[in-house]
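Here are some notes for a colleague who is coming to this structure for the first time. Please read them with the model open beside you.

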Amino acid sequence: PQPPTPDMGISRNVAIIGSATTKFGELFDADFQDLLVDASFGALEDAGIGPDRVGAAWLGCYLPMAWGFEGNSASLSEALRIYPRPVTRVTNYCCTGMEAVRGAAFAVASGEYDFVLAVGIEKMREVPARASLVAQHVEKGHPVYCKGRTAPGMFALCATRYLSHYSAPREALAHVAVKNHANGARNPKAHFRKAITLDQALKAPEVAAPLGLYDCCPTTDGAAAVVLTRPELAKEITDDYVLITGVGLANTSGYYSAQMNPVFDFTSFPATKYAAAAAYRQAGVRDPGREIDVAEVHDCFTITEIINYEDLGFAAPGEGWRLATSGDTALTGRLPVNTSGGLKSMGHPIGASGVRMIADVCDQLRGRAEQRQVKKARRGLAHTLGGPGAVSCVFVMEKA
């Protein structure tokens, strides 16, 4: 990879000056617009600006109309009363939230807008069981390909293949669960705030072999938002901001074909490798395992986090499980990963997760992660994977 040059798009040309995340969980006492308002105005307050200065907004919502009757662009316009300014709604599987931030970042870097808002949201819990995400996998989609598949079933195939191919122990998955639950227990906004033991993780009820209950993230309600501007404008407001130094997005298959491709070996997700390479090239990162201080990576299942270690360059192929069991990715380890608790404990409201991960990395770089603070964190990474494995997005960020 080559070091960044001034003409490399948004690298160092976009600053995050405000961020906010709602409580994640089963939020039956808050509706869709409540969450939009809480996240958006929280981020604006953190940025020190009012909604009148927002030139445009991006809304990430994976499945509008699936959980309720809101989720398109007008939902954000109405909640914030920012008429007639443009709002763009995006969806891209589990990369939806990061796609919203990415679009907002390009708008700022282009000079079209001075201040923009990116919001991610999902309200997944207010539906009966037969309308849940699992049911949609089973009941909708192609009438032949992948009919009846579920997310746990798909990632269980990866876990089975990975553990067998690399002679890795089942305990490696449990170590990821224990670490992320320990971090989630320290996070007041996490869906699950309960530490677990290795024994509990190993003896938990099986969901899809070899994945047990503690290997799977929950379905969750929640929202998160960030405010972006250019560095020269950020400096007029605060010296406490974060620079986006690299962004990569890659699509390598379709939704139905993701696990039907004969090239796919179930031990790696090419989309992450492509996205990471692009982000690292822009940010000038040559050795991510040593140059990244803290990371939020997509851990919809524990096996996913382990594979991500390898695809992101934190570990060599087949060595990710050793990174999980060594303690290197723990809060006090060499490279802390998912200090928020990850999707595993924080929860996974699909459209919100990517924005939330960026917000969590920003908190680390700004030194305000409290009980979960990583010492001397200057460069962070956020990563999402969706579709399942069809698309990935990677952000690299640095303290200004």
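1. P210 sits in the loop between β5 (206–208) and β6 (211–212), and the peptide bond that joins A209 to P210 is cis, with omega at about 5 degrees. Please keep in mind, here and below, that this is a predicted model.

2. A cis peptide bond is also found from Y83 to P84, where omega is near -5 degrees. P84 belongs to the loop between α2 and β3, and R81 lies in the loop between α2 (73–80) and β3 (87–90). R81 counts as exposed, because its relative accessibility is 54% and the cut-off for that label is over 50%. Between R81 and D287 there are 206 residues in sequence, and their C-alpha atoms are 45 Å apart in space.

3. S167 has a positive phi of about 50 degrees and is placed in the loop between α5 and α6 (171–185); N338 has a positive phi of about 60 degrees and is placed in the loop between α12 (320–326) and α13 (342–346). Are these residues buried or exposed? S167, with a relative accessibility of 62%, counts as exposed, whereas N338, at 0%, counts as buried.

4. The aromatic pairs come to a count of seven. In one of them, the ring centres of F155 and F269 are 6.1 Å apart and the planes stand at 50 degrees, so this pair is classed as tilted. The pair links distant parts of the chain, since F155 is in helix α5 (residues 151–165) while F269 is in the loop between β8 (242–251) and α9 (270–283), 114 residues apart.

5. The C-alpha atoms fill a box of roughly 55 × 45 × 40 Å along the principal axes.

6. Of the 400 residues, 59% count as buried, and among contacts between residues at least 6 apart in sequence, 79% join residues at least 24 apart. The protein exposes about 15,200 Å², of which carbon and sulfur atoms supply 53%. Its 39 positive and 41 negative charges have mean positions that are 3 Å apart.

Conventions:
Residues are numbered from 1 along each chain as its sequence is written. This is a predicted model: local features need pLDDT of at least 70, side-chain atom pairs count only at pLDDT 80 or more; totals for chains, interfaces and linings use all residues. Side-chain values use heavy atoms; hydrogens and water are left out. Buried means under 20% relative accessible area, exposed over 50%, partly exposed in between (1.4 Å probe, protein chains only). Contact means heavy atoms within 4.5 Å. Accessible areas come from the Shrake-Rupley method with a 1.4 Å probe; for residues, only the protein chains shown count as cover. Lys and Arg count as positive and Asp and Glu as negative; His and the chain ends are not counted. The place of a charge is taken as NZ of Lys, CZ of Arg, CG of Asp or CD of Glu. Helices (H or I, at least four residues) and strands (E, at least two) are DSSP runs, numbered from the N terminus. Rings of Phe, Tyr and Trp (its six-membered ring) pair if their centres lie within 6.5 Å; planes under 30 degrees apart count as stacked, over 60 as edge-to-face and the rest as tilted.
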